[in-house]
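Please keep the sequence and the structure in view while reading.

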Amino acid sequence: MQIPIEWYLILSSALFIIGAAGVLLRRNLFIILLSVELMMNAVNINLVGFSRFHETLIGQNFVLFTMAVAAAEAAVGLAIVTALYRNKRTLMIDLFNTMKG
Amino acid sequence: MVNATVDIFIQFFLMIVLAAGMFVAMLWIVHRLMPTSRNPNKGIPYECGVRPTGDARVPYNVHYYLVAVLFVLFDLEAVFMYPWAVTLRTLGTVAFVDMLVFIAILLVGFVYAWKKGVLSWE
Amino acid sequence: MGYIWLIPALPLAAFLITILFGKWFIKDSAHWLPILAMAGAFGLSVAALIQSWGAEEPYVLNLWQWFTSGDFQIPLALQLDQLSAVMCTTVTGVGLLIFIYSKGYMHGDPGYYRFFAYMSLFAFSMLMLVLAENYLLLYFGWEAVGLCSYYLIGFYYHKPSAAAAGKKAFLTNRVGDFGFGLGVMLIWTLVGTLSYSGVFDAVGAGEVSDSALVAIALLLFVGAMGKSAQFPLHVWLPDAMEGPTPVSALIHAATMVTAGVYMVARSSVIFASARPALIVVGIIGTFTAIYAASIGIAQNDIKRVLAYSTVSQLGYMFMALGVGAWVAAVFHLVTHAFFKALLFLGSGSVIHAMSGEQDMRRMGALRGKIKTTYWTFLMGALALSGIFPFAGFWSKDEILGMQFKGGGYIIWIVGLIAAFITAFYTFRAVFMTFWGNDRTDPEVGKHIHESPKSMIIPLGILAVLSVIAGLVIGLPPEGGLLHRFLEPVFQHANEILGVEHHGFGALDVVLMIVSVLVALSGIALAYLFYIRRPDELPQKAGKKAGWLYKGIANKWYMDEIYNVAIITPLVEGSRVIYKWFDVAVIDGLVNLAGRIWGGFGKMARPFQTGRVENYALIMFLAVVVIVAVVVL
Amino acid sequence: MEWPDITSILPEVILAVAALLVLLVEPFLKKDKTAVIALALIGLLASAVVAVALGGNSRAAFSGTIVLNSYALFFKVLFALAAFISILMSPRYLEASKRHLGEYYALILLAVIGMDVMAAARDFIAFYVGLELMAMCSYILAGFFRYRIRSNEAALKYFVTGVFASAFTLFGISLVFGFTGTTNYEIISSNLGSTGNATGVAFATALVVAGLGFKVSMAPFHMWTPDVYQGAPTTVAAFFSVGPKAAGFSAILIIFTTVFESSSEFWSVLFMVLSVLTMFVGSVMAIVQSNMKRMLAYSSITHVGYLLAGLAALGRGLDTKAGESIILYLAAYTVMNLGAFGILTYLKTQQPEGFDYSLKSFAGLGRRSPWAAILLTLFLFSLTGIPGTAGFIGKFYLFTSVVRGDLVWLAVLGVLFSAISAYYYLRLMIYMFFREPETELTVKEPIEGTLAAAVALSAAGVLFLGLFPQWIWDHALKAFSNLFG
């Protein structure tokens, strides 16, 4: 039995929206990083699901790259986190607004 | 097959609109309903009673983060090695050389990190 | 005639060398190179002028293919026909005299080399403008002369008013340039080429619809209004007097501001085929002529009087263009270049003598102290007022005569009134400056001296030109040397318009007499009220004897009656127009345009909160909106 | 399995080797960074030369995911030039800011690889990897001054909005994949064309636009731009303002003319709207800025608006020559904007503490440092679009193509916004030449060394493109004719 493609889509879109909401609503940079990971993983589910639907390996192939990119993103994100924390002793992103207008 | 996907897209779009709409609506409702008084006291763990001292989070050595980041990055090469390992026999020498190049590039990063003193734990 | 590229190239070379080495090596002898370059350019222009006599077709010199876009090409090409030859000669001739004058006037200025460098750059740009073979190159020259003008207006950049004036000139000209640019774009879209011959052939062959031609002509004219300071884009010119006086003479009187007139004359085929646009040109020109003249009455700064008179005279030129009197416009352009440059240089000489004083209320009785300046200035003033037989008389009378004979009686009357006012304020300036009582500051009075030779000689030459130019090139009216010379250029446009050629007859003599009388009465009125000052006599005479004596002494209070009935309303009215209309409305509009845009910015600024979560939210909402629009 | 043909990615390989060498050499260097700078410059030069040598005929590699044709070649040379100039202007600036590290050069090289891949990719996987490689390097570069709170803030903003936008792009790509079952541009294009359903495509288009729009900073995805330019090191801002933008457009051009070819009517309208919005936001906000780095950021947004007008025309048909005009404009924009930033960099090196990029601090520059003032004037003229400079040529071709696409009103708007842009560019000139400074900005030494080379290169580029545009136009024509090969 094959799981219908709709289920993958519903799961992934829900995850994507949750992730997006996390980015938009949370103030802590760590949580935002996690939310972005959630969005990326929603895409991964999409890709894998479609890959199965179309009976091709391209999607799974793509997922490998997304994962690598996500890891690199996390690394850069953590680097920025340490730099921010070292200078301002906080990770609340709404406090970083010296440049505006 | 393709027409089926078209239908999926429309359903899917409705799904996203609903999800986003819910999220915006709830935000808005909460924003309208909540009494807003901003007070730094509300941010502290106990609004009355003992003032908390110190930080609940134990500060780790910043070195730890560096090592963790490096770990994540080097850990990820395994992702590429699994499919490679499985299909190595059919792909032959080309794949082997490819992987050597890949590892060589990672090695440069490793040497760089080493020379920069990330790995020496004081 | 392959040498014509040298005409703009010489000033360009002078500019490059002066700006590169001026500061360290050339310094105080920075004037030599530009003067020599101008002299060379003038010589070549004269040669070109002579050689182009009678040529049926313009001479085109292709220098270099600039770029190609599809089948559309922009060559860097120069064109020499009679019109550009006349313009070149005027620009280089007057320019040369003003350069020589500047040697004395700018002596000792810390920006000496900079001044000559910019002036050379200006000469180059102006010559490119008149020698261009296509509208794009014309546009290049157009923008370049504008830039030189802003820099030279703001030459004394430490003066805040100078910087503000530069800014204002810039903003106002932007409006004009925008229209001009659109016009050029429209030409290109509709015709597919920008070279003059190509465009005019297409227009002549009826390839462009009438409405499109009107649109093109009007857009081009908007550009001309900006550059030639026509109402309501004239506001920058009086302020432009913040620049050094030679700049005012060369750029803001003799040459650059006439670029609009040149451009309309150059596009005569387009304008002739777009009758409604031509009418607009005439109306704007006429209105500007009287409007600016009326403001000139109440100005006390000698240079501002001349500035408003420039605006007014440019109005005359457009008035002429409006009835297809192309040659008359060019004729007035040339004579105006001579006598207005003379007046500005003369005023510069006065200012020089008065140690920088520009307010005429603190001058007076200077005619004995700076004799040469006085006499040359007087020549210029007579020419400007249109007194027989000075240069201005011939050209202005020709314009007015053609209006009358073409049936434009209202325009003719308005033109006459403007001529009357012109004569009045011109001699008001002469009397206030050179005649009457000495009102100079005693400190300043001690230092009054005649200007050096390098300033006096150009004045003399220009004075001679102001006297004889009309006689030489303008006689007989509507058939003079200039007319015969320029005939091939405007042949096509005249055919389209069907301009009739009137012979010189009794009617012309009558009209001439009328216009001279009008001018003389203007001068007389000025004499009455600025020499026979009514406000000084009554105080002395009032104490002595009875009402009879009083009456006689006061010429039966005619002065007072005049004063109350004519002078006061005139001056006050002028002041009101200046204050309420020129300053408040038009300046206000210019500033408002800037402010509205700034206001948008101020309104939009709070959206850029500096908080990254808001940025993300806006991005997210944008995606939602786009997707929603797509699907729904 | 056969040996892959790496000739078509040889330029990138050279860059990668150079970048890795820089990383290897850097830890062994003390203060003098000449070695890594030389390595980076040689790498860029070699990659451009190899690209030109190989670019004669089209090649494809890795099952058609990456191509090397005259289109990719045009951009490879452009990116190499942008990076070359940025690197040239960097050493003095980084030294003056007391943070001269070799990693900087490696990061720029790696970003260039990402950009090259974006222009050369004919497959969404390769495109995505290129995009992210460029983006990662940019995040780090934005925060390169790690001890400065502004630089931190720039990195934070760039990073958060960047990953958010790229998640949207990725989501859009996954939908396109789900719709067609492949990631190859041309196969997607033929699949999409046959389905005939515009909604799904349009939906995916919008999501892809969001991510790419972020990279090229089109409104309303532009919000990060001014903050990041202001906070990031000036040389980095210079690089950002040209490199990722050109890369973004290189990808947009390919993706929209191949993948979304069938929905061109839709995205033509979309870009029309975004173009007007972008031009408006850019010019309105640029006018009220007093910090010149921010002003240049907003003005760069206005330029993106012009380019989007070109894209709108491109949607009306390839014969508008809008694609060619866009890449010509990008080339012109690269040299003139880098030049303007180069002068800002120079001024900052002269007074690392006092100079704050404010409009006021430019007062009297014409007297203190006439060369800097004259060169900056040249670049500002070009940005305004004065004839004789590269900017004029770019605008001329671009707006001409917009007119060819029957979008006269859009071209008129574009001209109007350029007229407004003259106000904020020339205001700076007025300050330089006509204002007396309140506090004297000390200029210790004239422009010299590599910084002088960078500025001279940009100035030469501006004048060359402005006076001999035929050359670049021929190359743009050639590049675009080969887009699909």
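In this predicted model, the largest nonpolar core comprises 500 residues. The residues with the most contacts inside this core are C:Leu127, C:Ala320, C:Ala329, C:Val330, C:Ala341 and D:Leu109. Helix 3 of chain D, which covers residues 70-96, gives the most to the core, namely 19 residues. As a general background, nonpolar side chains tend to be buried together in soluble globular proteins.

What is D:Leu109 in contact with, leaving aside its neighbours within four places in sequence? Its partners are D:Leu15, D:Ala18, D:Ala19, D:Val22, D:Ala40 and D:Gly43.

**Where the chains meet**

Chains C and D touch each other: 47 residues of chain D are in contact with 39 residues of chain C. On the side of chain D that touches chain C, at least two residues each are supplied by helix 6 (149-180), helix 8 (198-216), helix 9 (224-231), helix 11 (264-287), helix 16 (390-404), helix 17 (408-434) and helix 19 (469-481) of chain D. Helix 17 of chain D accounts for the largest share of that side, with 10 residues.

Chains A and B also form a contact, which takes 16 residues from chain B and 18 residues from chain A. On the side of chain B that touches chain A, helix 1 (2-33) and helix 3 (62-91) of chain B each supply at least two residues.

**Chain A**

Chain A has 3 helices and 0 strands, and its pattern along the sequence is α-α-α. The radius of gyration of chain A is 17 Å, well over the 13 Å that the globule rule gives for 101 residues, so chain A is more spread out than a compact globule. The C-alpha trace of chain A spans about 55 × 25 × 25 Å along its principal axes.

Of the 101 residues in chain A, 45% are buried. Among the contacts in chain A between residues at least 6 apart in sequence, 48% join residues at least 24 apart.

Helix 3 of chain A runs over residues 58-88 and has 31 residues. From its first C-alpha to its last, helix 3 of chain A reaches 44 Å, close to the 45 Å expected at 1.5 Å a residue. A:Arg89 follows helix 3 of chain A and has a positive phi, near 60°.

How confident is the prediction here? The average pLDDT of chain A is 87, and 99% of the residues score at least 70. Within chain A, confidence is lowest in helix 1 (residues 5-25), at a mean of 87, and highest in helix 2 (residues 29-54), at 91.

**A loop residue in chain C**

C:Asp359 lies in the loop between helix 15 (326-353) and helix 16 (371-385) of chain C. Is C:Asp359 buried, exposed or partly exposed? C:Asp359 counts as partly exposed because it has 13 C-beta neighbours inside 10 Å, whereas a buried residue would need 20 or more.

Not counting residues up to four places away in sequence, C:Asp359 touches C:Asn300 and C:Asp301. C:Asp359 and C:Asn300 are 59 residues apart in sequence, but their C-alpha atoms are 5.6 Å apart in space.

Methods:
Residues are numbered from 1 along each chain as its sequence is written. Chains are lettered from A and ligands numbered from 1 in the order in which they are written. This is a predicted model: local features need pLDDT of at least 70, side-chain atom pairs count only at pLDDT 80 or more; totals for chains, interfaces and linings use all residues. Helices (H or I, at least four residues) and strands (E, at least two) are DSSP runs, numbered from the N terminus. The radius of gyration is taken over C-alpha atoms; the globule rule is 2.2 Å times the number of residues to the power 0.38. A residue is buried if 20 or more other C-beta atoms lie within 10 Å of its own, exposed if 12 or fewer, and partly exposed in between; C-beta atoms are placed from the backbone. Two residues are in contact if their C-beta atoms, placed from the backbone, lie within 7 Å. The expected span of a helix is 1.5 Å times one less than its number of residues. pLDDT is the predictor's confidence in each residue, from 0 to 100. A nonpolar core is a set of buried Ala, Val, Leu, Ile, Met, Phe, Trp, Tyr and Cys residues joined through C-beta atoms within 7 Å.
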